[in-house]
Each structure stands twice: as C-alpha cells, then as structure tokens.
Amino acid sequence: MRKLQVIVMLLVMGVILSACQNGLINAEQQSAEKIVLYQMQSFGQVMENSRLEVTDEQTIELFAEAISRADKVSGIADVADPNFKVEFGEKEFYLWVSADHGSAMDEADTHSLYTLEEQHAEQLYSFLSSENLLD
C-alpha cells in the first residue's frame, strides 16, 4: 500500500512540474549545444553582423528556462518590434528584454505572447548587457 502512495505522489508531482512548462521549447531543444542570437531591426529583419553563437551551457539553460517557464498572455499579441531573435535548433523565438521585464514569442505563432518571469528577465538583461547587445 505504501508503494502505491509513493507512486501516486510521484505521478502527481510530475504532472504539476510538467504544467509549469508552456511547451515553447521541448526537452531536446532545452539540451541544445548552442543557441544563436540576432539583434532585430523589425519583425523578420535582423541587424547586419549581429549574429552571436552561444555555446556556454549555463547561458543556454538560462534562455531555455526563461522561455519554457514564460506565461502565456491572453488575447492576440500586438507588440513593438522585438529586440532579439533566438534560435534553438529548428525553433526560433522573438525576444523583448528590459531590466525587469521580458517577453517571448514563437516565430511560428506571432499571435501569442509569453511573459518572462521577472528574475529571468533580469538575468537575460544582465547577460545581454554584458555582451553589449542592449542600447
């Protein structure tokens, strides 16, 4: 009987933890060996010579966690031009980042916007600032 309770508890915890993920990045993409960042001029138009390849495991994890834990905003997104485009393998995201706020959008679904948790926005802002990518 005790084993059954433990198994049920583990299943419940698994469901709860998986509910925290929004599905924007799957497990394979989260374990990517690199991500590629581009500064953006407007939707669909990257700035020339702005490509930055990131291979640092902790930085990749930061971007993956920030995007995967973002909360979907209700309604249809109507936003300003993004600051960045982020490539996780085959998947691409637009990213808006300020000192205490951030948003992400799947490039394949530009009608849905996701708000980053404040701590993730701050960490991304810190990284992007340290790379001189923010004005």
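Trainee: Which residue forms a salt bridge with Lys34, and how far apart are the closest N and O atoms?

Mentor: The partner of Lys34 is Glu53, and the closest N and O atoms are 3.5 Å apart. A salt bridge here is a side-chain nitrogen of Lys or Arg within 4 Å of a carboxyl oxygen of Asp or Glu. This is a predicted model, in which local features need pLDDT of at least 70 and side-chain atom pairs count only at pLDDT 80 or more, while totals for chains, interfaces and linings use all residues. Residues are numbered from 1 along each chain as its sequence is written, and side-chain values use heavy atoms, with hydrogens and water left out.

Trainee: Where do Glu53 and Lys34 lie in the chain?

Mentor: The salt bridge between Glu53 and Lys34 links distant parts of the chain, 19 residues apart. Glu53 is in strand 3 (residues 52-54), and Lys34 is in the loop between helix 2 (27-30) and strand 1 (35-42). Helices (H or I, at least four residues) and strands (E, at least two) are DSSP runs, numbered from the N terminus.

Trainee: Which residues are linked with Glu53 in a network of salt bridges?

Mentor: Lys34 and Arg51 are linked with Glu53 in that network.

Trainee: How many salt bridges are there by this rule?

Mentor: The count comes to five. One of them joins Arg69 to Glu117, with the closest N and O atoms 3.5 Å apart. That pair also links distant parts of the chain, 48 residues apart. Another joins Glu92 to Lys85, where the closest N and O atoms are 3.7 Å apart.

Trainee: Is Lys85 buried or exposed?

Mentor: Lys85 counts as buried because its relative accessibility is 15%. Buried means under 20% relative accessible area, exposed over 50%, and partly exposed in between (1.4 Å probe, protein chains only).

Trainee: Changing topic, what is the span of helix 3?

Mentor: Helix 3 covers residues 57-68, twelve residues, and reaches 16 Å from its first C-alpha to its last. That is close to the expected 16 Å, where the expected span is 1.5 Å times one less than the number of residues.

Trainee: Which residues of helix 3 are buried?

Mentor: They are Thr59, Ile60, Leu62, Phe63, Ala64, Ala66, Ile67 and Ser68. Glu61 also lies in helix 3, but Glu61 is partly exposed, because its relative accessible area is 44%.

Trainee: Which residues form the negative surface patch?

Mentor: Glu61 forms it together with Asp56, Glu57 and Glu65. Patches are made of residues with over 30% relative accessible area and no salt bridge, with like charges joined within 9 Å and nonpolar side chains within 5 Å.

Conventions. Accessible areas come from the Shrake-Rupley method with a 1.4 Å probe; for residues, only the protein chains shown count as cover. Lys and Arg count as positive and Asp and Glu as negative; His and the chain ends are not counted. The place of a charge is taken as NZ of Lys, CZ of Arg, CG of Asp or CD of Glu.
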